[in-house]
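Here is a short walk through one protein chain and its ligand. Have the sequence and the 3D view open as you read.

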Amino acid sequence: QKFVYDFTEGNKELKDLLGGKGANLAEMTNLGLPVPPGFIITTEACKVYLDSGHEPAELRDEVSAHLDALEQKMGKKLGQPDNPLLVSVRSGAKFSMPGMMDTVLNIGMSDASVAGLAAQAGDERFAWDSYRRLLQMFGKTVMGVDGELFEEALEEIKRAKGAESDLGLDAADLQQLVEEFKSIVLKEAGREFPQEPREQMDLAVRAVFDSWNTDRAKLYRRQERIPGDLGTAVNICSMVFGNLGPDSGTGVAFTRDPATGHQGVYGDYLQNAQGEDVVAGIRNTVPLADLEGLDKASYDQLMQIMTTLETHYKDLCDIEFTIERGHLWMLQTRVGKRTAAAAFRIATQLVDQGLIDEAEALQRVNGAQLAQLMFPRFEEDSKVTRLGWGIAASPGAAVGKAVFDSYTAVKWSRSGEKVILIRRETNPDDLNGMIAAEGILTSRGGKTSHAAVVARGMGKTCVCGAEELEVDTKRRRMTAPGGIVIEEGDVVSIDGSSGKVYLGEVPVVPSPVVEYFEGRMHAGADDADELVQAVHRIMAYADRVRRLRVRANADNAEDANRARRFGAQGIGLCRTEHMFLGERRELVERLILADTDSERDEALGALLPLQKADFIELFEAMDGLPVTVRLLDPPLHEFLPDITELSVRVALAESRKDANENDLRLLQAVHKLHEQNPMLGLRGVRLGLVIPGLFSMQVRAIAEAAAHRKDMKGDPRPEIMIPLVGTVQELEIVREEAEKVIAEVEAATGINLKLTLGTMIELPRAALTAGQIAEAAEFFSFGTNDLTQTVWGFSRDDVEASFFTAYLEKGIFGVSPFETIDRDGVGSLIRSACEAGRAARPGLKLGVCGEHGGDPESVHFFHEVGLDYVSCSPFRIPVARLEAGRAAA
Ligand code: PEP
Ligand code: MG
């Protein structure tokens with residue numbers, strides 16, 4: 001096994017082995033772009049180290065061989081006193097984890113090599129500055145010294161010299177600082193800073209390996225759903241310097257605007273600085289376009305390289321580069337993160353440029369991004385006080401109370417407050433607060449600052465670099481121009497699409513994408529925005545290729561109509577219990593309380609016309625499309641008064657001696673029907689079997705409504721669905737009763753109704769005996785909410801609020817199984833039920849109507865197991881259509 005690869009040996013497909021950064025450095029090297037020479041230690045070596053606590057035995061010799069070759073190529077040796085080679089040691093996992101892991105620059109600096117570097121660069125100050133940077137980074141990341149101590153020493157010397165920034169320190173000052181840093185290291189770490197260059201390198205490599213498992217890296221991986229066992233590669237790269245004077249500098253750039261997708265010159269440049277200065281947002285950068293005036297040759301070369309990269313990767317790339325005394329070097333590239341809107345635009349732009357085809361375009365976007373585009377925006381002409389204007393770093397409209405530190409953000413959000421995290425700039429320690437906040441606002445840093453990159457990754461609203469705002473984290477307040485002071489707890493609104501920051505709560509308006517789906521904006525219209533056109537095209541690709549049909553969960557005509565506009569191909573779940581809420585609840589109460597047949601018939605008789613009218617509306621809204629009507633499935637506690645409240649009312653009335661007969665009966669019934677576990681109690685088919693006439697009434701209402709619609713020349717296609725079935729016997733009894741009613745209605749109306757009858761599969765027993773159940777069911781619809789509840793034994797109403805946070809933190813699962821289908825457990829039951837069901841009844845129609853039907857990842861699973869359709873809430877229909885298309889493409 002080979003653990004070390006030269007840049008010339010790798011390529012961009014080897015991300016698993018070489019990490020994203022290494023694979024792309026190799027790719028650029030082989031494209032002939034100016035990459036400083038170097039080599040990569042593989043993720044495999046990291047995994048061996050993480051598993052065993054030791055580097056693989058062969059690693060040392062392999063590194064030596066590659067280092068020799070590098071030294072030959074560069075004509076100098078690592079740390080060589082008179083002509084030192086310096087290297088950077090950088091982490092680089094398969095997936096980018098910005099700022100999460102360690103990097104050490106200037107390895108090779110030592111007491112012995114300072115003079116050599118000074119002579120090499122013709123700059124003594126630079127040499128001492130490089131040394132102090134190594135001490136600082138190495139001391140902090142490798143030797144575990146508190147970074148603040150170095151910062152303080154640096155501040156102290158600046159104060160003593162009256163220097164504004166570190167540029168105001170001369171060689172002698174920096175030399176003094178080096179001595180101080182060395183004694184800080186000795187005092188804090190209990191050992192001398194290692195002077196031997198190879199030892200520096202080996203220790204830095206190990207520190208990078210270790211940084212895979214820091215708390216913040218683990219948290220980030222969980223958030224981003226990056227597996228914990230991938231490990232990181234380590235890139236060892238000869239140093240080039242952006243801090244060698246005004247003809248040097250460093251920058252980051254995008255081949256297109258990551259916020260809109262527009263082509264142009266996007267990036268930031270910082271003269272006379274090293275890369276870390278830009279990423280950390282420490283000094284303010286200038287727009288990349290200004291580089292043209294500073295160094296035209298490098299600028300032109302950079303533009304040329306960006307075109308090469310975009311054509312080669314066929315996608316938006318972001319890059320890091322350094323200019324060393326007029327020589328341009330590429331330090332990194334990767335396919336760049338982008339906003340949701342840009343993803344859609346870029347995908348269609350690349351199709352138009354002939355770089356990718358439609359199937360590939362579908363892979364360039366996803367349902368989560370589409371969902372983001374459906375978020376509302378701030379109302380433009382509402383009366384607002386603008387506090388400031390920053391960089392639109394990650395879109396969305398966020399409103400919340402101002403908080404100035406992560407701890408408070410987490411604390412307040414746990415108690416249900418919406419918060420905006422306001423910082424001068426964020427760093428990886430702010431991650432928890434960023435997750436907890438509705439949005440993030442910073443006063444410093446550009447589009448590539450930590451806040452911007454991380455927020456975009458999380459899909460969180462972010463405005464950064466709002467420089468007019470003065471953030472004072474110590475006093476927990478922010479001052480806006482005009483002296484407006486925002487204290488902790490004051491409400492602010494931030495617009496991540498425009499970069500504007502407002503005082504107070506700003507009203508929000510729907511997104512243009514929703515307006516488009518609603519049919520209020522047409523993609524073909526002259527003024528339709530580019531985004532709407534892009535979404536329109538991508539949706540058309542998805543609809544063309546997808547195999548899954550998409551239905552809606554809808555219980556009334558209004559939802560059904562919206563669902564239809566959003567592209568629903570029917571209703572997969574009409575929950576009839578939702579038709580019994582409000583003032584009709586009393587009728588249900590009467591039904592439950594009925595002691596005699598005549599009382600019961602009376603209650604049912606009152607419900608029948610109401611139900612029938614509901615169904616007529618629904619069938620009309622979905623004319624020509626299937627409508628799955630599920631018979632009543634309420635856990636009874638949802639329909640009866642609360643036992644405590646009612647007891648108190650009755651007790652009070654009794655003490656006043658005016659207890660009402662009805663309340664007394666009701667209380668008796670509530671006592672009788674009270675269940676410890678209503679979700680596992682008298683629900684679904686069980687209720688239909690014990691309340692005579694209930695299901696018959698509902699079936700009659702469906703049949704009569706269908707007959708009525710046919711009379712009106714409509715095309716009703718109802719499917720009757722029985723909930724919570726555990727055994728085929730339950731279904732057989734209901735089916736017999738239903739068929740009788742349907743026959744009666746058909747005879748009375750003379751219309752052949754062609755009703756079908758099927759069942760939900762939402763209990764493990766139903767899934768396990770799906771073959772038997774299919775004998776009595778014309779379709780299955782997986783109720784993955786209850787199935788998840790019963791397979792895991794997780795109460796669906798309680799666990800997310802009680803212990804799921806702990807489960808997520810411990811990494812037991814990366815996402816709630818109520819949100820994304822648990823493939824291994826619940827999913828395997830679904831898979832086998834599908835097979836058994838179809839074996840027993842070829843052509844059995846299969847669908848899903850639990851919440852998972854609209855979850856992007858779950859949709860892919862349902863495609864794989866061969867369902868015919870997914871059903872989800874109306875607003876998620878576009879997402880499901882898109883994901884169904886992506887699954888099939
Ligand atoms: C389900 O259990 O997945 C389902 C769709 O039914 P309900 O959520 O109404 O229980
Ligand atoms: Mg259910």
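## A sheet and its neighbours

In this predicted model, β16 (residues 397-403) runs antiparallel to β23 (residues 491-495), and the two are joined over 5 bridges. One of the pairs to look for is Ala397 with its bridge partner in β23, Asp495. Helix α16 (residues 406-414) packs on the sheet here, touching both β16 and β17 (419-423). The direction of α16 makes about 180° with that of β17.

Now for the whole sheet. It's an open one with 8 strands and mixed pairing, and the order is β14-β24-β23-β16-β17-β18-β19-β15. At the edges sit β14 (385-389) and β15 (391-394), each of which pairs on one side only. From one strand to the next, the twist averages 30°.

## A hairpin

Take a look at β21 (residues 477-480) and β22 (residues 484-487), which pair in the antiparallel sense over 4 bridges. Arg477 has Glu487 of β22 as its bridge partner. There are 3 residues between the strands of this hairpin, and Gly482 takes a positive phi near 85°.

## Around Trp329

Is Trp329 buried or exposed? Trp329 has 21 other C-beta atoms within 10 Å, and the cut-off for buried is 20 or more, so Trp329 counts as buried. You'll find Trp329 in strand β12 (residues 327-335).

Which residues does Trp329 touch, leaving aside its neighbours within four places in sequence? The contacts are Pro34, Pro36, Val240, Phe321, Thr322 and Glu324. Pro34 is worth a click: Trp329 and Pro34 are 295 residues apart in sequence, yet their C-alpha atoms are 5.3 Å apart in space.

An unreviewed UniProt entry lists residues 16-52, 56-284 and 292-344 under "domain: Pyruvate phosphate dikinase AMP/ATP-binding". In the model, residues 16-52 come out as 68% helix and 11% strand, with the end C-alpha atoms 20 Å apart. For residues 292-344, the figures are 49% helix and 32% strand, and the end C-alpha atoms lie 30 Å apart.

## The ligand site

Which residues are around ligand 1? They are Leu573, Arg575, Asp633, Glu762, Gly783, Thr784, Asn785, Asp786, Cys849 and Gly850. By type, that shell splits into 2 nonpolar, 4 polar and 4 charged residues.

Both β27 (571-575) and α31 (784-792) supply at least two residues each to the shell. The largest share, 3 residues, comes from α31.

Methods
Residues are numbered from 1 along each chain as its sequence is written. Chains are lettered from A and ligands numbered from 1 in the order in which they are written. This is a predicted model: local features need pLDDT of at least 70, side-chain atom pairs count only at pLDDT 80 or more; totals for chains, interfaces and linings use all residues. A residue is near a molecule or strand if its C-beta atom, placed from the backbone, lies within 6 Å of it. Ala, Val, Leu, Ile, Met, Phe, Trp, Tyr, Cys and Pro count as nonpolar, Asp, Glu, Lys and Arg as charged, and the others, Gly among them, as polar. A residue is buried if 20 or more other C-beta atoms lie within 10 Å of its own, exposed if 12 or fewer, and partly exposed in between; C-beta atoms are placed from the backbone. Two residues are in contact if their C-beta atoms, placed from the backbone, lie within 7 Å. UniProt positions are given in the numbering used here, feature names are shortened, and annotations may be inferred rather than shown by experiment. Two strands pair if DSSP finds at least two bridges between them. Axes are lines fitted to C-alpha atoms, for helices over the stretch in contact, and angles run from 0 to 180 degrees between N-to-C directions.
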